[in-house]
Amino acid sequence: MKIKATEFLMEQYGLWVWRDNGTPRCSSPLLALMMRNPANEKRMGAPAPIISDDRALQVDSFLSGLVKDDPEAVQSMTLYFVHGLTYREVGEQMGKSYADARMLVRAGLSAITACFLMHSKMAA
C-alpha cells in the first residue's frame, strides 16, 4: 500500500467516524449537539464515506496500537484527518510548528502503511 492510498484511506476513515458508521443507530444527546454545531457542519454534510466498516475498524485498531509507540503522531493524524484541521491548526493545538505538525502526520501515515504491510504478511 502506498502513502497516497493510505492518505485517502485515512480521509475516508475521518468521514466514517463523523458519519456515525459502525455504531448502533441510537442517537446520544452529545451527537445531537455536535450535529447542530455550525463548526461541525462541514463534516456532517460531507459525502458518505467509501470505506467499509471492517476496514475502518481495522484502521481504528492500528491507530489504537500505535498510541503506545507514537502518541503524538496518532494525535496529529486524528486532528488532521478526523477533525479536519490544517497543518497549521494541528501545530497550534499541539504546540508545534507547521513543519513539525506536517512531519508528525506523515510519520503517522508511514506507520499505518507499515501496519497494513505487516498485517498482510501475517495473513499470507
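Predicted model: local features only at pLDDT ≥ 70, side-chain atom pairs only at ≥ 80, totals over all residues.
The model counts local features at pLDDT of at least 70 and side-chain atom pairs only at pLDDT 80 or more, while totals for chains, interfaces and linings use all residues. Residues are numbered from 1 along each chain as its sequence is written, and side-chain values use heavy atoms, leaving out hydrogens and water.

Biologist: At what angle do helix 1 and helix 4 pack?

Modeller: Two packed helices are described by the angle between their axes and the distance between the axes. Here helix 1 covers residues 3-18 and helix 4 covers residues 53-69, with axes 10 Å apart. Roughly perpendicular means 65 to 115 degrees, and this pair is therefore roughly perpendicular. The angle is about 100 degrees.

Biologist: Which residues in helix 1 meet helix 4?

Modeller: Contact means heavy atoms within 4.5 Å. On the helix 4 side, the partners include Leu57, Val59 and Leu63. On the helix 1 side, they are Leu9, Met10, Tyr13 and Trp16.

Biologist: How far apart are the end C-alpha atoms of helix 7?

Modeller: The expected span is 1.5 Å times one less than the number of residues. With 26 residues (98-123), helix 7 should span 38 Å, and the model agrees: 38 Å.

Biologist: What covers the buried residues of helix 7?

Modeller: Buried means under 20% relative accessible area, using a 1.4 Å probe and protein chains only. Among the buried residues of helix 7 are Leu104, Gly108 and Phe116. Their cover includes helix 1, helix 4, helix 5 and helix 6.

Biologist: Which residue just after helix 5 takes a positive phi?

Modeller: Helix 5 covers residues 71-82, and Val82 in helix 5 is buried. Just after helix 5, a phi of about 75 degrees belongs to Gly84.

Note on methods. Axes fitted to C-alpha atoms, helices over the stretch in contact; angles between N-to-C directions. Helix = DSSP H or I, 4+ residues; strand = E, 2+ residues; numbered from the N terminus. Parallel < 35°, antiparallel > 145°, perpendicular 65-115°, else oblique. Buried < 20%, exposed > 50% of the residue type's maximum accessible area, 1.4 Å probe, protein only.
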